[in-house]
Amino acid sequence: PVQIEDDRTGLSVETLKRAFADNLFYIQGKNADIATLNDYYMALAYTVRDRLLHRWLGTIKAQLKPKVKVVYYLSAEFLMGPHLGNNLINLGIYDQVRQAIQESGLNLDELIAQEEEPGLGNGGLGRLAACYLDSLAALEIPAIGYGLRYEFGIFDQEIRDGWQVEITDKWLRYGNPWEIARPEATVEVKLGGHTEAFVDGAGRYRVRWIPGRTIVGVPYDTPVLGFKNNTANTLRLWKAEAPESFDFQAFNLGDYYGAVNAKMYSENISKVLYPNDEPMQGRELRLEQQFFFVSCSLQDIIRRHLYVGGKLENLDKNAAIQLNDTHPSIGIAELMRLLVDEHNVDWDTAWQITQDTFAYTNHTLLPEALERWPLSLFGSLLPRHLEIIFEINRRFLQEVSAKFPGDTGRLARLSLIQEGPEKFVRMAHLASAGSHAINGVAALHSELLKRDVLRDFYELSPEKFSNKTNGVTPRRWIMLSNPELAFLISESIGDGWIKNLGELRELERFANDKEFQSRWRQIKLNNKTNLTEYIRKRTGLVVDPHSLFDIQVKRIHEYKRQHLNVLYIITLYNRLKQNPELEITPRTFIFGGKAAPGYFMAKLIIKLINSVAAVVNSDPDVRGRLKVVFLPDYNVTFGQRVYPAAELSEQISTAGKEASGTGNMKFSMNGALTIGTLDGANVEIREEAGEENFFLFGLTTEEVYALKARGYNPWDYYNGNPALRQVIDQLASGVFSPGEAHLFEPLVDHLIHRDEYLLLADYQSYVECQDRVGEAYRDQEHWTRMSILNSARMGKFSSDRAIREYCEDIWGAVAVDVALEE
Ligand code: 26W
């Protein structure tokens, strides 16, 4: 019997083919004669989008109800990665679509590869936000992600002459089929100007803000699908535009160019993502970005709350607002302003609502990364918010005084304002005072927060603090990126692991199974071969897929110690040069990562990796045993290729510096073993995997503190270790920078004179550990067993587990059933 399906919703291969051709013709305006690969990608993207709209509208309807509690995840970054493949998986239509595309004479992988990823984040924090949105939808929790629709995301990285070159990321160039603009939901945001006091009709003292300018925020919505359920949550990103009133005519009669200028000036706010994480810079535009998206989002949240008939006093019953680090923490003051100034709520009630609604996640211990804004800058951009912060602070310090009478040191330490010749607003203090919950992102990190960075806040309100160890989504990071492994796992233990990653434990019983081991190894080899091909295409380098793939991919930072990895590479190289017959486990060292454009040392580390690679890769003496690759433009798309191909995961930060890490989890799930320090989530990865399946080295956090307190002198290590000294001397004398002997001097100087991140102190321990890795790899059966056990024990690191904890302990949010919209 012939079954007729709707072209917009039907899932049979025939219907999918017809819909695909239809979209190519009517949306892209092309036929097969002239269509480009991108046209085909777009046609497929629209075909998929059509099929998710019932869920999306159904979700909006189910969630916009009086008794529903919604999680609002405020984040300056969402590093979503490409949507197409992920949406196919979540819709459960991967196989049908693959066939339909094949029968259309095309290849699905090529179309998927055509998508330019939305790189609206720097690294860990932005990618975490994306994994959390995925899990919220998978768990059917009502949620909206709020952020900025940067016109230019994280820069594309090119390597020229070994140096990083930044290229503008024009990700919207060919259009974005996944977003829908909602201009009808535009909101206004005020900036600058001054405040005025007045007495209102009821005789109450009030303040009004007379802004210097206004900007409008236009929301662009992207659906975020749950895994094989009816939930499609929303990622709402704000684009800055000029308000109508700034336009020509009455307002600017005769000043056409002035008006256009004002328009361009307004649109600047959502123009570009700031590419530096960690060292905080007090740039006005950055504060404007933060306030802009936060104000838009809070107005949107209040509008939604009032729309369903909610009372403002009950905002916390319907809304849980999570601050992804301090970047959106101006929201504390903005919600106070909206409630007190615009909605006429009294201060005490407003403060109670604010505290009950907000929660704050800290993502870094590095003191230089903590956000603080000069009072002068802050006051000129947000005069009313500065007054509000002073008032919050006055009352807050009163409470502190009551609890710790006479403790003036404590008052100064806790104050939201840092005193001194230049005064600052401390955003972590604002976030902590204005939230009911504060969390770190791994067990160790949360402990260190309580002990150091937020110690006084902990002593004041210990009940606010908890740990929420990070997690990553197994949909993108196993199913989508490693389909062969996903297939093997499902074949062996069923497919329950996709929603309940703890079930991976059932793989333990296959750890000794020869047949299973050999399939496990074969899949790894296939993934390595794929990566080998990619490396050849991108860099021209030929690497051996049978060598040990030793990989470090992450932002380039001194604390992450990519250069410690390089010190070992040079050590190996020296051994091979001294003893050409030496048998070592052949290794391919692969690096990837971007450096902040203004971070000189990080850029020099990239140059170092490429310089060492140039020497090592062209030396016939080490051929077949040692290769070094720097793969340019590390991003989510590339991550999906790299994690499945890795055998050794480098997680070698100085203990106490990496808040959690999430790449460490992605590697581990995909069968890589970890060489790492006791830092961030490595501690918990090792706990889960078993110490016998983890290559541990280096000083502990306590030992790092103690050594620094004693007075650390890197010279002693340099002098006491001939192999290390040789490596350092080679770097200093230009062995790896022919013709530019002084190139690496800044690096070497820093290492021998200061070595803030203790590379020299950890060098010997790292070398010995790496040598053990090389030895262990020779016993492939044992290695495979470790690899299987390791993956089997990574269930804890699903973002589903993390989101469940947030829901239960912090948000009080529960699943809501969604019916498909007709
Ligand atoms: C103000 C400049 C700035 C910008 C971004 C400072 C700090 C950041 C982020 C907090 C940096 C970041 O991405 N941190 C990482 O967050 C991950 C998710 O929790 C953790 O896994 C990483 O350890 C942490 O470095």
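Predicted model: local features only at pLDDT ≥ 70, side-chain atom pairs only at ≥ 80, totals over all residues.
**Stop 1: the ligand and its shell**

Select the ligand and display the residues around it. There are 21 of them, and the closest are Gly-124, Leu-125, Asp-277, His-363 and Ser-660. Colouring the shell by residue class shows six nonpolar, ten polar and five charged residues.

**Stop 2: Arg-127**

Select helix α6, residues 124-138, and find Arg-127 within it. Is Arg-127 buried or exposed? Arg-127 counts as buried because it has 26 C-beta neighbours inside 10 Å, and the cut-off for a buried residue is 20 or more. Next, display its contacts: leaving aside residues up to four places away in sequence, Arg-127 touches Leu-79, Gly-121, Val-636 and Thr-662. Then draw a distance from the C-alpha of Arg-127 to that of Gly-663; it is 9.8 Å, although 536 residues separate the two in sequence.

**Stop 3**

Select strand β22, residues 673-676. In a regular strand, side chains alternate between the two faces of the sheet. Here Leu-673 and Ile-675 lie on one side, Thr-674 and Gly-676 lie on the other, and all four are buried, which leaves both faces of β22 covered.

Glu-650 can be found opposite Ile-675 of β22. Include helix α25, residues 663-669, to complete a right-handed β-α-β unit made of β21, α25 and β22.

On continuing from β22, the chain passes through helix α26, residues 682-689, to reach β23, and this β-α-β crossover is right-handed. Strand β23, residues 695-696, runs parallel to β22 and is joined to it by two bridges. Gly-676 stands opposite Leu-696 in β23.

**Stop 4: a three-stranded sheet**

Finally, select β13, β15 and β14, which form an open sheet in that order with antiparallel pairing. Which strands stand at the edges? They are β13 (372-374) and β14 (417-418); each has a single partner strand, so one side of each is left without a neighbour in the sheet. Between β14 and β15, the latter spanning residues 424-426, the antiparallel pairing involves two bridges. To locate this pairing, select Ile-417 together with its bridge partner in β15, Val-425.

How values were computed. Residues numbered from 1 in each chain as written. Near = placed C-beta within 6 Å. Nonpolar A, V, L, I, M, F, W, Y, C, P; charged D, E, K, R; others polar. Buried ≥ 20, exposed ≤ 12 C-beta atoms within 10 Å, placed from the backbone. Pairing = 2+ DSSP bridges. Right-handed = clockwise from strand over helix to strand, strands pointing away. Contact = placed C-beta atoms within 7 Å.
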